[in-house]
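This report describes selected features of one protein structure. The sequence and model are shown first, and the findings follow by topic.

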Amino acid sequence: MALQHGKVKSVLSGDSLILTSVDNPNLERTISLAYCTSPHLKKDGDEQWAFDSRDALRKLVVGKVVQFRVLYQIPNTKREYGIVYFPDGRQLPDEMVSAGWLKLREDAGRKEDSPEALAVIDKLVNLEASARSEKKGLWQTEGGRIVVEHDMGDSDAFLETWKGKSVDGLVERVLSGDRMLVRLLISPTKHIQVMTLLAGIRAPATERVNPSNQQVQPAEPYGNEAKTYVETRLLQRNVKVDILGLSPQKQLVATVRHPKGSIALFLLEDGFARCTDFHSTLLGKDMAKLRAAEQKAQSEKRGLFKDHVAKSTGQVGTLEAQVTKIFSADTIFVRNRAGAEKRINLSSLRGPRQNEPAEAPFREEAKEFLRKRLIGKQIRLSIDGGRAAQGEYDAKEVATVTVGDKNIGLILVQEGWASVIRHKREDTDRAPNYDELLLAQEKAKEEKKGMWSGKPAKAKQYADVSESLAKAKMQIAGLQRQKKIPAVVDFVKGGGRFVVLIPRESIKLTLVLGGIRAPKSARNPTDKAEPFGKEAHELANARLNQRDVEVNIHDIDKAGGFIGELYIGGQSFAKVLVEEGLATVHEYSAEKSGNATELFAAEKRAKDARKHIWTNWDPSLDVTAEAEYSNGSKEEAVPTERSRDYRDVVVTNIDPETGKLNLQIVGTGTSALETLMSQFKSFHLNPTNNKPLSGAPKTGDYVAAKFSEDGQWYRARVRGNDRATQESDIVYIDYGNSEKVAWSKLRPLSQPQFSPQQLKPQAVNAILSFLQLPPSKDYLDDAIRYISEVTAFKNLVANVDYTDPKDGTLYVSLMYPDANKAKTAFDTINADVVSEGHAMVPTKLKPWERAYSDVLADLKKKETAASDAHLGMWEYGDLRDD
């Protein structure tokens, strides 16, 4: 019979081999070596020397092109027996018999009668006799027993023993390009056969038969080619198996290396597999090599990547920007050099998720971690991808953020404040250090960092002390005693109004900058901002939003807001606003805060530069009295004739905390009020008009309120709300007094005949001129009690000495209306208060007060007399000595 050619694909045992056609690898043929037999590998236990016999044949023939000749065939099984010839003249089965790994069959030669066959058998008999005498191969007296396990047993225990180690192996079977059966050569007497997945790649599926219906499922594109690629290179070859881990199905995940390197790399380079992210953490730094191999195949359009379209570089690039806002642990807002603001998502990262119970409690702590590192910082953005705006979805850009040489995304993952997104295969908008992020996440989980700690979140809970005036009053004393309190601006409401967090007190409050007035910005698109209100708001946002600052608290307003100073980088922000021409100085508040000189100087610079508010400023129209006051360093003001602006008034309220007055100016307004109140009383006595409020009142709303002392209804305005007790802090607009009233005792003031537009509020804010009331609470109470006794609900005459242009507050001198009391500059209730020791002359005078040196001199004499007599506040001497 003629010689034929074939390539040895594999060997079944020491006496049988599988050949494939040189021209068509899919054509296979099994040849058994003539007249010989060997021990066989069996599922229930190999025969002695079975593996060694097969291995000897494997090393001789696998992967080689040989010639063969079939000598005979078994009719029943169609099994072919023959001789195999090597190019160098050697042949099988001679080589195997000579080495002692084959022995002659017992029936060899019984049916053979040809001289050629008999000659072959005789030769083999002699070779076998020689091997037997030399105790070669099968003829050894000891050994040849190998325990073969067909699974790992306890897979976790196996991994604990072998993870990170390299084991000698032999590829027994290739199921697909990324999956094979490997014999691990644990020791000379123990082997383990395990299904092994190639780490870091996924090859397309091969053609297979569905066992349930025996239908053939076609291969995925390049699936069969990938399998053949691996078979040609690895089947029944010795390999090194680097054990890395287990799949979710408890299958071994490993790197399989033949002498030329990892087969996974070659599969990727030739386009027969894709990278998979699931094994990235197992491979560590080696994953980068696989990514590079895949990119090479993509660029050369090989195999699976023949239609690959490279990612557009239109969006990709780097830019410098400043972080303006931290939206969450994975989203920030930045402003570029052109002033444009955009939203950026950190590439491949996800902060703690709201809908994940184990992660949600860490959202604020993770956000704060990022805020401390990024807010206000100059960063470098490397844009990794994005999407255009679509319908209700805004445009989105993902980027890698670095500060200096530090990758912020990596730091977040390392500290356990972000998780890594598992991208879809086709999603190329990912971080360039994606594998490094996955590794960092696994390490953070192992070390139980951040949200992986399993411990309760440490994020602070802040109590809102500006929610009501009562809560603000409880905090004011403690805050006033502290200086430069560390704080964080949580929200910018306007140019001079902020929500501020004070971590060490665990409170948040509304802070109003003292000493200035910033123009109001629009709260929503339908509102209209005051001139330059938008600019002031934008400046505050840019400089302060989410920044670490320091605050000094001086006072509270009627709505529970805290009045004070705010410092950013050691600089007063009130001064910044004034200097930029985006705020004006509020004289009284500035003097009370003690920063009037600094603010007026800043305002002068803004005026001279004609900035913003002062664009059209005319110096000739400025009031000369705005010159800075001094402590006696300048000449005394020249006395001027006192202005005479007498008005009949009734004092309706005295603030028990400050001594400020509320007046009704007697005239047409009070007459109209009497008529209105008569109608108002009748209206609310009618049961049909007892409709309550439709919901919780809003701060600033006008309402009808039932006064607690007489049970009557009066016009009022809401200053604040306590939602816990369902009460409102209200001020009665026609009398000036205030109290807390339950929402059930409020009604809407929606009737046109009672509205403030029909009759303006009759209570006017007023302050007794030229007086400074005692700082001590006890003496202040005495002073207010005295003033109340001589003024409350009495018909008096007030001379309006000055009207504050900012808020309309009247500075008045009160006098009795009867003719026996002379209406002079000196005969006033103000002077009586000083004479009785209940007030003193201010040490720091307002500009308009300094013009009345004669009145001040008279009051100073009365103050000295009261002090000498130890009256009132002078009971124990001069308080100013303290």
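## Cavities

The structure holds five cavities of 30 Å³ or more. A cavity here is a set of points, on a 1 Å grid over the protein atoms alone, where a 1.4 Å probe fits but cannot get out, and lining residues have an atom within 4 Å of a point. Grid points are joined across faces, edges and corners, and a volume is the space filled by probe spheres set on the points. The model is predicted: local features need pLDDT of at least 70, side-chain atom pairs count only at pLDDT 80 or more, and totals for chains, interfaces and linings use all residues. Residues are numbered from 1 along each chain as its sequence is written, and side-chain values use heavy atoms, with hydrogens and water left out.

The largest cavity has a volume of about 60 Å³. Its lining consists of Leu346, Ser347, Leu349, Ala399, Thr400, Val401, Asn407, Gly409, Leu410, Ala431, Asn433 and Leu437. Strand S25 (396-403) and helix H10 (408-414) each supply at least two of the lining residues, and S25 gives the most, with three. Helices (H or I, at least four residues) and strands (E, at least two) are DSSP runs, numbered from the N terminus. By class, the lining has seven nonpolar, five polar and no charged residues; Ala, Val, Leu, Ile, Met, Phe, Trp, Tyr, Cys and Pro count as nonpolar, Asp, Glu, Lys and Arg as charged, and the others, Gly among them, as polar.

Helix H1 (residues 50-61) has 12 residues and spans 17 Å from its first C-alpha to its last, close to the 16 Å expected at 1.5 Å a residue. The expected span is 1.5 Å times one less than the number of residues. Of the 12 residues of H1, 10 are buried, so the helix is largely enclosed by the rest of the structure. Buried means under 20% relative accessible area, exposed over 50%, and partly exposed in between, with a 1.4 Å probe and protein chains only. The buried residues of H1 are Ala50, Phe51, Ser53, Arg54, Asp55, Ala56, Leu57, Arg58, Leu60 and Val61. Arginine 58, which lies in H1, counts as buried because its relative accessibility is 5%. Its C-alpha is separated by 64 Å from that of phenylalanine 327, 269 residues apart along the chain. After H1 comes glycine 63, whose phi is positive, near 85°.

Helix H9 (residues 363-374) also has 12 residues and reaches 17 Å between its first and last C-alpha atoms, close to the expected 16 Å. In H9, the residues Glu365, Ala366, Phe369, Leu370, Arg371 and Leu374 are buried.

## The five-stranded barrel

Five strands form a closed barrel in the order S37-S38-S44-S46-S45, with mixed pairing. Neighbouring strands of this sheet are turned by 55° against each other on average, direction ignored. Two strands pair if DSSP finds at least two bridges between them.

Strand S37 (residues 646-654) is joined to S45 by five bridges, and the two run antiparallel. In this pairing, aspartate 648 stands opposite valine 797, and valine 649 has leucine 796 as its bridge partner. S37 is also joined by five bridges to strand S38 (residues 661-665), again antiparallel, with isoleucine 654 opposite leucine 661. S37 and S38 form a hairpin with six residues between them, and glycine 659 in the turn has a positive phi of about 80°.

Six bridges join S45 (residues 795-803) to S46 (residues 810-815), an antiparallel pair. Asparagine 799 stands opposite serine 813, and tyrosine 802 has tyrosine 811 as its bridge partner. This pair is likewise a hairpin with six residues between the strands; glycine 808 in the turn has a positive phi of about 80°.

## Strands S10 to S12

Strand S10 (residues 166-176) runs antiparallel to strand S11 (residues 179-187), with six bridges between them. A hairpin joins S10 to S11 through two residues. Seven bridges join S11 to strand S12 (residues 190-198), also antiparallel, and these strands form a hairpin with two residues between them. Valine 182 of S11 stands opposite valine 171 and opposite valine 194 in S12.

Technical notes:
1 Å grid on protein atoms, 1.4 Å probe; cavity = no way out; pocket = protein on both sides within 12 Å on 5 of 7 lines; lining within 4 Å. Axes fitted to C-alpha atoms, helices over the stretch in contact; angles between N-to-C directions.
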